[in-house]
Protein chains: 2
Amino acid sequence: MSSHDNPQQRDERHRQRMQRKKAVIDASIAKADAERGVLLVLTGNGKGKSSSAFGMAVRALGHGMQVGVAQFIKGRSDTGEEGFLRRQSGLVWHVLGEGFTWETQNRERDIETAQRGWAIVREMLRDASVGLVILDELTYPLKYGWLDLDTVLADLRARPAMQHVVITGRGAPETLIEAADTVTELRDVKHAFRAGVKAQTGVDL
Amino acid sequence: MSSHDNPQQRDERHRQRMQRKKAVIDASIAKADAERGVLLVLTGNGKGKSSSAFGMAVRALGHGMQVGVAQFIKGRSDTGEEGFLRRQSGLVWHVLGEGFTWETQNRERDIETAQRGWAIVREMLRDASVGLVILDELTYPLKYGWLDLDTVLADLRARPAMQHVVITGRGAPETLIEAADTVTELRDVKHAFRAGVKAQTGVDL
């Protein structure tokens with residue numbers, strides 16, 4: 001920037017710079033023109049994976065889409081999102097798990113529960129009227145081997161062309177990441193829990 | 001694992017291992033016993049920051065809490081989450097920005113808009129009846145210098161003790177991260193947009 005410029009010149013330069021930036025961005029938006037259902041994976045140890053999926057549920061409901069939610073790990077029954085979203089028309093909420101494996105302490109039962117759950121998910125993945133399917137914490141039954149990854153991937157690939165799927169959970173397997181269109185890793189930079197703050201209503205529960 | 005064990009022994013070992021794991025987890029949950037409003041920051045280039053914040057809005061609404069949303073960058077007016085959440089009682093939605101600076105191309109107006117917006121946010125940050133405040137894409141007016149970071153931090157510190165605040169946006173400043181209780185960095189592993197898929201209704205809009 002020249003030291004001789006006046007505010008008008010500076011503003012004009014800002015305007016021109018932003019005009020060029022807008023042209024670049026508009027061009028890249030114009031280039032992405034495909035329309036199809038996308039597979040999103042939200043993984044990593046950071047807070048916000050399930051919240052993000054439920055935010056997308058709200059987004060879809062706002063457009064009048066049908067939404068299906070499947071929860072594979074079910075730690076407690078009084079979360080705010082479940083209470084709120086179950087009341088919404090256009091959304092179906094399935095609880096397909098009974099808690100983490102250290103809660104049930106029974107591997108055979110965990111496997112049966114997960115497989116029964118996947119049969120319900122498969123119905124949603126064959127129903128083109130469901131615009132968005134959320135598979136919350138699906139990575140855990142995959143990680144523990146309660147569900148077969150190849151079967152899960154095959155069912156995801158066979159879904160209706162315009163159906164979106166969001167999968168959440170820590171430690172997403174590499175082949176799932178390869179199959180996905182959009183993957184975000186939520187990195188835990190810091191967490192109030194480690195500073196001694198318990199799970200708080202409205203943000204954690 | 002011994003090759004001589006039978007399924008019963010294996011199941012019993014699984015049960016014992018999970019019992020020990022449960023004890024460790026239960027103890028760490030019991031240790032985190034503080035109750036207070038938390039400041040959450042969702043930053044990074046990955047998809048899902050605003051969705052995550054809106055998922056927490058749903059969580060809070062599910063518990064009957066009052067929620068205030070302030071959107072600092074306003075690219076378009078037909079997003080699903082806005083349409084849906086504006087219809088909910090208990091939630092107030094403020095649009096405080098007019099788009100990215102390359103859209104407005106007028107720096108003076110951007111600054112005025114942001115400062116007028118912050119005055120509205122400050123009212124929410126003084127109102128203990130608002131349990132959750134979402135400051136969506138606040139990092140941009142901070143980054144562009146439209147808002148003074150010290151003023152923003154002082155107003156956040158002075159908020160009611162039990163009020164939660166969620167801030168989203170790329171490039172959160174270091175002092176904001178220091179002030180926060182929980183910080184998640186959303187890392188962009190891959191994005192359908194780069195594979196030529198346009199923004200899709202229900203997941204992106």
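Colleague: Which domains does the domain assignment of chain A give?

Modeller: This is a predicted model, in which local features need pLDDT of at least 70 and side-chain atom pairs count only at pLDDT 80 or more, while totals for chains, interfaces and linings use all residues. Residues are numbered from 1 along each chain as its sequence is written, chains are lettered from A and ligands numbered from 1 in the order in which they are written, and side-chain values use heavy atoms, with hydrogens and water left out.

For chain A the assignment gives domain 1 (1-33) and domain 2 (35-195); such bounds come from an automatic or database domain assignment. Taken over C-alpha atoms, the centres of domain 1 and domain 2 of chain A are separated by 41 Å.

Strand β4 of chain A spans residues 130-136, and seven of its seven residues are buried. Buried means under 20% relative accessible area, exposed over 50% and partly exposed in between, with a 1.4 Å probe and protein chains only. Strands (E, at least two residues) and helices (H or I, at least four) are DSSP runs, numbered from the N terminus. Two strands pair if DSSP finds at least two bridges between them. β4(A) pairs in the parallel sense with strand β2 (residues 66-71) of chain A over six bridges, and V130(A) in β4(A) is the bridge partner of Q66(A). β4(A) also pairs in the parallel sense with strand β5 (residues 164-168) of chain A, over four bridges; here I134(A) has V166(A) in β5(A) as its bridge partner.

G202(A) is placed in the segment after β6 (182-190) of chain A. With a relative accessible area of 0%, G202(A) is buried. Leaving aside neighbours within four places in sequence, G202(A) is in contact (heavy atoms within 4.5 Å) with M56(B), R59(B), A60(B), H63(B), M65(B) and L132(B).

Finally, the aromatic rings. Rings of Phe, Tyr and Trp (its six-membered ring) pair if their centres lie within 6.5 Å; planes under 30 degrees apart count as stacked, over 60 as edge-to-face and the rest as tilted. Over all chains, a search of the whole structure finds seven aromatic pairs. One of them is stacked: the ring centres of F54(B) and W93(B) are 5.3 Å apart, with planes at 20°. Both F54(B) and W93(B) are buried.
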